[in-house]
Amino acid sequence: MKTTDYTDKKDSEKTKDLLQGFLNYITLEKGLSKNTQISYTRDLKFYFRYLKRKNIDLFSVTHQNITDYLWSRKQKGIKANTLFRFLESIKHFHRFLYAEGYTKNDPTIYLTSPKIIRKLPVTLTAAEVEKLLEQPNPLKPYGLRDKAMLELLYACGLRVSEIINLNLENINLDVGYIRCFGKGSKERIIPLGRYASEAVGEYLNRVRLKPRYDTGQDSALFLDKLGDRFSRVGFWKMIKKYARKAGINKNITPHTLRHSFATHLLERGADLRAIQEMLGHADISTTQIYTHLDREHLKELHKKYHPRG
């Protein structure tokens with residue numbers, strides 16, 4: 001990962017070493033994902049540039065300096081969610097500097113994060129999910145693959161990165177479970193369900209026998225037409241295509257099926273802790289967004305069926 005050009009030439013080597021040390025720290029000790037590394041590096045790039053413009057020494061940063069920086073970003077129209085991420089990046093970096101003895105104090109210790117207004121995620125009804133899952137043509141080889149991927153995504157509530165990174169050894173149809181690795185490479189075991197097991201079994205027995213080309217992807221569960229591991233972009237295009245065919249007018253992404261998975265489980269009485277475990281959420285507060293969705297669902301039912309709704 002490139003870390004140059006963040007400060008002037010005099011300090012660039014020192015800053016580069018510190019940033020690389022920080023990246024090693026959050027990867028090895030905190031177990032944060034590659035995507036988080038990229039986000040933190042990008043955020044810190046803007047932060048370092050601000051310090052340079054203001055002639056503020058990295059090792060002498062104060063609480064007020066960081067507050068001023070975040071205010072300057074807010075003045076440029078940066079939304080609360082992004083400001084929250086900026087602050088998290090800066091907090092982690094200064095905690096690293098303090099823990100490693102580069103500074104005598106942590107200027108972020110009393111900083112509070114901006115309040116985030118969480119939007120309720122888009123979900124599909126059970127009927128809409130059924131329509132979507134009916135779209136792949138099982139008479140075509142890649143229809144079987146697409147059917148298996150969609151069934152698996154909905155049955156297990158996977159992230160798109162998790163489903164495309166599945167390998168053959170991660171799935172056990174006899175036992176009915178998959179083993180996947182989520183954010184920070186955290187492992188979790190998720191039950192498949194009958195429909196997903198049957199769809200994946202059909203795909204494995206009739207389509208995914210051997211890659212057409214030697215691409216070094218022999219272990220990948222889902223392959224594209226060239227024998228490469230199926231891509232994130234390919235999956236995004238595929239789900240958009242089937243949503244159009246199903247006549248679903250919502251703004252659907254691969255994450256929509258993950259949200260629908262959690263919402264439908266909650267509507268049918270599943271325990272929130274169990275849903276948290278299956279989704280791979282580190283904090284139960286992340287899973288609690290689906291309780292808001294469930295209340296909205298109840299509100300709609302009341303409005304529709306109550307005599308005075």
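In this model, α2 passes α3 in a right-handed crossing, a crossing being right-handed if the near helix is turned clockwise from the far one by less than a right angle, and left-handed if anticlockwise. The contact, meaning heavy atoms within 4.5 Å, is made by D43, F46, Y47 and Y50 of α2 together with N65, I66, D68, Y69, S72 and R73 of α3. Helix α2 covers residues 34-53 and helix α3 residues 63-75, and the two pack at an angle of about 110° with their axes 11 Å apart. They are therefore roughly perpendicular to each other, a term that applies to angles of 65 to 115 degrees.

The model is predicted, so local features need pLDDT of at least 70 and side-chain atom pairs count only at pLDDT 80 or more, while totals for chains, interfaces and linings use all residues. Residues are numbered from 1 along each chain as its sequence is written, and side-chain values use heavy atoms, with hydrogens and water left out.

The protein chain as a whole has 13 helices and three strands, where helices are DSSP runs of H or I with at least four residues and strands are runs of E with at least two. Of its 309 residues, 43% count as buried, which is to say under 20% relative accessible area with a 1.4 Å probe.

L168 is found in the loop between α7 (160-164) and β1 (171-172). Because its relative accessibility is 31%, L168 counts as partly exposed, the class between buried and exposed, the latter being over 50%. Leaving aside neighbours within four places in sequence, L168 is in contact with L204, R208, D218, S219, A220 and L221.

Definitions and conventions:
Axes are lines fitted to C-alpha atoms, for helices over the stretch in contact, and angles run from 0 to 180 degrees between N-to-C directions. Angles under 35 degrees count as roughly parallel, over 145 as roughly antiparallel, 65 to 115 as roughly perpendicular and the rest as oblique.
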